[in-house]
Amino acid sequence: MNVGRGRGPFAGGPEQARRALVAAAEECFLSFGVGRTTMDDIAKRAGVSRPTVYRYFADRDALIVEVVSRRSRAFSGHARDYIESRPTFTAKLVDGLAFLIDGGRKDPILRALLRPENLGAANGILASSNVAENLTYEIWEPILSAAQAAGEMRTDVDLHEFCALMADVEMMMVGREDLFDPDGPGARELIGDFLLPALV
């Protein structure tokens with residue numbers, strides 16, 4: 001197949017094709033829900049055939065991973081700037097993770113993917129691909145390594161394992177606001193009370 005520039009729905013080349021299919025998938029996830037969205041739905045929304053979708057993505061799980069990766073990376077630059085602006089390691093961890101959770105809650109696509117009825121499937125897909133852990137590690141590894149070097153954080157904490165835990169906490173707190181009493185402690189308080197003491 002010729003995936004270069006030319007005529008047709010993806011005349012801009014493979015990257016333009018992937019962007020268009022991701023956008024179509026996001027619209028379908030919002031319209032139908034993740035569980036009810038099919039590759040046929042995505043193909044129709046993008047104005048292409050189903051085999052064309054499969055040329056770029058092996059299955060719906062691969063599209064979910066791509067959606068989360070693209071949306072998370074689009075936000076991660078702002079998150080890094082915010083985290084780096086905090087004056088202490090404690091503030092970086094507590095305020096930074098709360099900032100990421102708040103950003104996830106404000107993102108309609110991520111909220112749709114992580115709603116209670118979708119959280120189990122989405123979490124399984126993201127865990128099996130390590131995408132959530134890897135994205136979290138990209139943001140936090142420099143900060144956590146610096147804290148360990150400065151004696152502000154325990155040096156026996158495995159950063160990959162801790163980033164996997166943070167990714168799980170973030171996904172749960174984005175998708176399961178129903179678990180938290182609106183009059184009770186918020187994300188910042190819960191992180192400070194339960195996650196931070198394990199590190200310092």
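**Packing of helix 5 against helix 8**

In this predicted model, helix 5, covering residues 89–106, packs with helix 8, covering residues 131–149, at an angle of about 165°, and their axes lie 11 Å apart. Since angles over 145 degrees count as roughly antiparallel, helix 5 and helix 8 are therefore roughly antiparallel to each other. Their crossing is left-handed. On the side of helix 5, the contact is formed by Phe89, Lys92, Leu93, Gly96, Leu97 and Leu100; helix 8 contributes Ile139, Trp140, Ile143, Leu144 and Ala147. Sorted by class, the residues of this contact comprise 9 nonpolar, 1 polar and 1 charged.

The chain has 10 helices and 0 strands, and its elements, read from the N terminus on, run α-α-α-α-α-α-α-α-α-α. Along the principal axes, the C-alpha trace of the chain spans about 55 × 35 × 25 Å. Of the contacts between residues at least 6 apart in sequence, 65% join residues at least 24 apart.

Turning to burial, 42% of the 200 residues in the chain are buried. Residues under 20% relative accessible area count as buried, so cysteine 28, with a relative accessible area of 0%, is buried. Cysteine 163 likewise counts as buried, at 0% relative accessibility. As for disulfides, the structure holds 0.

How values were computed:
Residues numbered from 1 in each chain as written. Predicted model: local features only at pLDDT ≥ 70, side-chain atom pairs only at ≥ 80, totals over all residues. Heavy atoms only, no water. Axes fitted to C-alpha atoms, helices over the stretch in contact; angles between N-to-C directions. Helix = DSSP H or I, 4+ residues; strand = E, 2+ residues; numbered from the N terminus. Parallel < 35°, antiparallel > 145°, perpendicular 65-115°, else oblique. Left-handed = near helix turned anticlockwise from the far one by under 90°. Contact = heavy atoms within 4.5 Å. Nonpolar A, V, L, I, M, F, W, Y, C, P; charged D, E, K, R; others polar. Disulfide = S-S within 2.5 Å. Buried < 20%, exposed > 50% of the residue type's maximum accessible area, 1.4 Å probe, protein only.
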